[in-house]
Structure formats: structure tokens, C-alpha cells
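I am opening a notebook page on this model. The entries below follow the order in which I looked things up.

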Amino acid sequence: MNNLHHKRIVLGVTGGIAAYKSADLVRRLREQGAEVRVVMTRAACEFITPLTMQALSGKPVHTELLDHRAEAAMGHIELARWSDVILVAPASANFMAKLAHGQADDLLSTLCLAAATPLLLAPAMNQRMWLNPATQDNVALLQRRAITLFGPAEGDQACGETGPGRLLEPVELVRHVNDSFETQLLAAKKLLVTAGPTREDIDPVRYISNRSSGRMGYAVARAAAETGADVILVSGPTALDPPERVRRLDVITARDMRDAVMANVADTDIFIAAAAVADYRCIQIGDQKIKKTNTGITLALEKTPDILAEVANLPDGPFTVGFAAETEGLIENARSKLRSKKLDMIAANQVGNGLGFEGDENSLQVLWEDGGVVLEQALKEKLARQLINVVAERFYEKNPAQGH
Ligand code: PMT
């Protein structure tokens with residue numbers, strides 16, 4: 001499964017002969033759909049030029065901590081927040097020593113200290129340096145802090161010696177980074193997710209709908225699949241490709257969506273309703289195109305079935321997560337939906353300023369009966385992964401027998 005699509009990767013490059021391989025690494029990560037921003041240490045710039053990395057990443061390369069222009073555009077804090085993961089390849093013995101002891105005397109080491117995202121290191125150095133007890137102590141310290149190391153490989157070295165210390169090949173590193181996004185948090189759990197808008201016909205050429213692109217719901221389905229869940233995505237009309245390892249059921253109307261959900265809800269562990277279901281449909285749908293006249297027309301509408309409320313009220317139903325898209329009174333309205341529909345959790349998004357519908361980014365206030373958490377503005381893909389973590393935590397708290 002390609003987990004790198006839309007992922008934001010900071011690639012740190014430190015000084016070492018293997019730095020030339022990081023050029024190929026950038027290319028391969030981008031081929032898999034990742035966005036890459038390169039941060040180079042001064043020593044790295046002796047081995048490979050920032051210009052090469054800029055051309056391959058398609059983005060300016062970051063080299064200086066105290067550069068006013070760079071800090072104004074995307075400084076170390078922004079880079080840390082932006083990243084889904086930081087990969088340092090090659091990671092020199094000196095860099096690992098600095099990291100182990102919390103030193104922050106250049107952009108890359110400062111960024112690593114400031115980041116809350118996973119840190120992956122691909123060491124590369126002379127085999128004696130790697131085997132030196134000082135380096136091995138640093139490696140043990142870093143691993144205790146849940147920093148992941150890929151490699152090094154054994155073999156012939158540029159210095160003429162043979163042993164452990166070679167940078168893993170870019171193709172292997174890409175596979176490891178890809179796999180690092182897979183967790184088994186929801187392994188074998190069944191998730192049902194709704195996404196996108198519904199369309200309610202007025203006549204054969206017109207319909208009532210809304211601005212949902214489906215992106216938030218698709219990102220949720222993809223993030224759930226990354227955690228090992230079996231995911232069914234019930235999708236209204238969108239222009240999106242189905243995420244890998246997700247079974248997509250296409251529907252048009254709210255009634256179709258309700259039927260597809262109810263036909264698949266048995267045995268579902270978690271139901272997440274990210275769809276923007278039309279609240280009303282026409283009582284009477286014209287068989288022919290309604291003719292334009294000189295006067296206005298009135299459409300008589302009736303309510304559509306409330307899919308989320310129906311699922312939440314099933315006896316022995318799944319753990320139920322709703323969404324609330326609001327233009328005002330975000331928390332009050334979301335809390336009221338949480339209670340009235342008897343949900344386990346609701347993810348509230350403020351609509352406007354490019355957030356909520358259609359855009360690439362969103363922010364969510366996730367609420368449950370006695371608590372909540374704010375998920376700060378980020379790409380919908382990143383938010384979806386954070387949301388799935390929160391959902392999983394609450395799901396296991398409610399169902400301890402389901403284990404994890
Ligand atoms: O698709 P994108 O462009 O990425 O935009 C994402 C989004 C804004 C659509 C998404 O994040 C979101 O907020 N989805 C829910 C939008 C919505 O319709 O909210 P609501 O407050 O009207 O409905 C509350 C909840 O009830 C939702 O979970 C909705 O799926 C569900 N519902 C509503 C009506 C209905 N008839 N049946 C339902 O199941």
C-alpha cells in the first residue's frame with residue numbers, strides 16, 4: 001500500500017559521502033506522491049549542493065537557523081509543524097551524538113528538538129565509527145526515545161573498509177518510510193465511513209446538493225486502512241479515486257446512502273459519518289425538465305433520513321462518530337448534535353476561510369460527553385490520521401474487551 005501519497009516529509013541531510021544518495025531519495029519519495037522539504041547541514045553542503053536538492057524537491061532548501069528571510073517564510077517551528085515525519089538520511093555519527101544529547105546548534109538539530117512528529121534516522125559512517133561504544137551508546141539512547149533507525153547496511157565502504165555503516169539504498173529507505181505510516185491500531189476492526197455530498201433530484205437535469213468534495217471523509221477512510229482496519233466507504237458523488245485497501249460503495253441520494261449504510265452496519269465496530277448529507281429532498285421529482293416561466297417556482301421539500309441518528313440508536317450499534325459543519329456557534333451546535341443524536345463523539349469543523357468544505361486543509365474540535373481535543377489546522381490527510389488515533393483511544397476505552 002502506498003502510504004506516502006500527500007505525506008509531508010522533512011528530509012534532513014548531514015555531512016557524509018552517502019549524501020549523494022539523498023538526491024535519489026528525494027526523487028523516489030516524490031514519485032510516491034510525498035511532498036519533500038530538504039534541510040541540509042553545513043557539512044552536507046560540502047558533499048552535495050543545495051541547488052541539486054532544490055531542483056529535485058521543487059522547493060527551497062533550508063540550511064540556516066538564523067536566516068531572517070528563511071525564518072519569515074518557513075522557520076524551524078513551521079517546518080516542525082508542517083512535517084508528518086522527519087527522515088535524516090544520511091545521519092552522521094556527529095549528528096546522532098548531538099541528537100542524543102539534545103544539542104541544538106543548527107537548523108536540523110533544532111528542528112528535530114522542536115518536532116512532535118516521528119523521527120527516522122538512516123545512519124551512514126565509517127564502520128569503526130559505527131561500532132565505537134560512544135556511537136552505540138547514543139544509538140541505544142535514541143532508540144529508548146522511540147526514534148527509529150533504518151540500517152546501516154554492511155558492506156564495502158567509500159573509505160576502503162568493509163563492515164556496518166553503509167546508508168541503506170534509497171529504494172529500501174522509501175519502503176521503510178512507507179511502512180512507518182502503518183500501525184496496527186485498528187487491526188481487523190470493521191469501519192464504515194460516509195463521505196462526500198448527496199444529490200437530491202429536482203428533475204432529470206437539476207438537483208439539490210452542497211459543496212462537499214469528499215476529501216475529509218476519504219482521508220478518514222485511508223487513515224483507518226493504514227491502521228489495519230477493514231474499511232467500507234459509502235461515498236456520494238465525488239471526483240476522487242477510492243483509497244487503496246478500502247471498499248467503496250457509490251451512492252447518489254441520502255436515501256441510497258442510508259440503505260448502503262444500513263445494509264453494511266451489522267458487525268461494524270466504528271461508524272464515522274463525514275458525509276454532508278442533504279437534509280431535504282423534493283417531495284415530488286419532475287419526470288421531465290421543469291419549464292422556465294416568467295414567475296418564480298416553489299419547491300416542496302421533505303426531510304431526508306438522518307443516517308447518523310439511526311445508526312447511533314441501533315441496539316448494540318457501533319461506536320458512532322459524527323461530524324458537524326457549522327458557520328456559527330461551533331461548540332454549542334456540535335455538543336447539541338452529540339447529545340440529541342446520542343453519539344460517542346463528534347468532530348466539529350468551522351466552515352469558512354478556506355476550511356471545512358472543498359479545501360485541502362481543515363481544523364477539528366473533537367468532542368465527547370466529558371471531554372474533547374483540538375486538532376489544529378493541517379492538511380485533511382494529517383488531521384484524519386490524528387482523528388483516527390483519538391477515535392481508537394476512545395473506542396478501546398469504551399470497549400476494553402476488544403483489546404489492543
Ligand atoms: O468533503 P469535504 O469538502 O472535504 O468537506 C468536509 C466536510 C465539511 C463535509 C466534513 O468535514 C463535515 O463536516 N461533514 C459533515 C457535514 C454535515 O453535513 O454536517 P451536519 O452538521 O449537517 O450533520 C451532522 C452529522 O449528521 C454529520 O455527521 C452528517 O454526516 C450526519 N447526517 C446529517 C444529515 C442526514 N440526513 N444524515 C446524516 O447522517
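How are H6 and H9 oriented to each other? I found them oblique, a class left over once angles under 35 degrees (roughly parallel), over 145 (roughly antiparallel) and 65 to 115 (roughly perpendicular) are taken out.

Basis of the entries. I am working on a predicted model, in which local features need pLDDT of at least 70 and side-chain atom pairs count only at pLDDT 80 or more, while totals for chains, interfaces and linings use all residues. I number residues from 1 along each chain as its sequence is written, and side-chain values use heavy atoms, with hydrogens and water left out. Helices (H or I, at least four residues) and strands (E, at least two) are DSSP runs, numbered from the N terminus.

Entry: H6 and H9. I read an angle of about 50 degrees between H6 and helix H9 (residues 133-144), with the axes 9 Å apart. Axes here are lines fitted to C-alpha atoms, for helices over the stretch in contact, and angles run from 0 to 180 degrees between N-to-C directions. The crossing of H6 with H9 is left-handed, that is, the near helix is turned anticlockwise from the far one by less than a right angle (clockwise would be right-handed). I list Ala 93, Met 96, Ala 97, Leu 99 and Ala 100 on the H6 side, and Thr 135, Asn 138, Val 139, Leu 141 and Leu 142 on the H9 side; contact means heavy atoms within 4.5 Å. I sorted the residues of this contact into 8 nonpolar, 2 polar and no charged. Ala, Val, Leu, Ile, Met, Phe, Trp, Tyr, Cys and Pro count as nonpolar, Asp, Glu, Lys and Arg as charged, and the others, Gly among them, as polar.

Entry: H1 and H10. Helix H1 (residues 19-31) packs with helix H10 (residues 170-180) at about 45 degrees, axes 9 Å apart. I class H1 and H10 as oblique too, and their crossing is right-handed. From H1, I noted Lys 21, Asp 24, Leu 25, Arg 28 and Leu 29, which meet Pro 170, Val 171, Leu 173 and Val 174 of H10. The contact of H1 with H10 has 6 nonpolar, no polar and 3 charged residues.

Entry: covered helices. I found 12 of the 12 residues of H11 buried, so H11 is largely enclosed by the rest of the structure. Buried means under 20% relative accessible area, exposed over 50%, and partly exposed in between (1.4 Å probe, protein chains only). Among the buried residues of H11 are Arg 215, Arg 222 and Glu 226. Just after H11, Gly 228 has a positive phi of about 90 degrees. Helix H7 (residues 107-114) has 6 of its 8 residues buried, including Ser 109 and Cys 112. I see strands S1 (8-13) and S2 (35-40) and helix H5 (76-82) among the elements covering the buried residues of H7.

Entry: backbone. I noted a cis peptide bond from Ala 89 to Pro 90, omega near 0 degrees; Pro 90 is in strand S3. Gly 151 and Pro 152 are also joined by a cis bond, with omega about 10 degrees. His 6 is not a glycine but has a positive phi of about 70 degrees, and I record it as partly exposed at 31% relative accessibility. Lys 342, not a glycine either, has a positive phi of about 60 degrees and is exposed at 57%.
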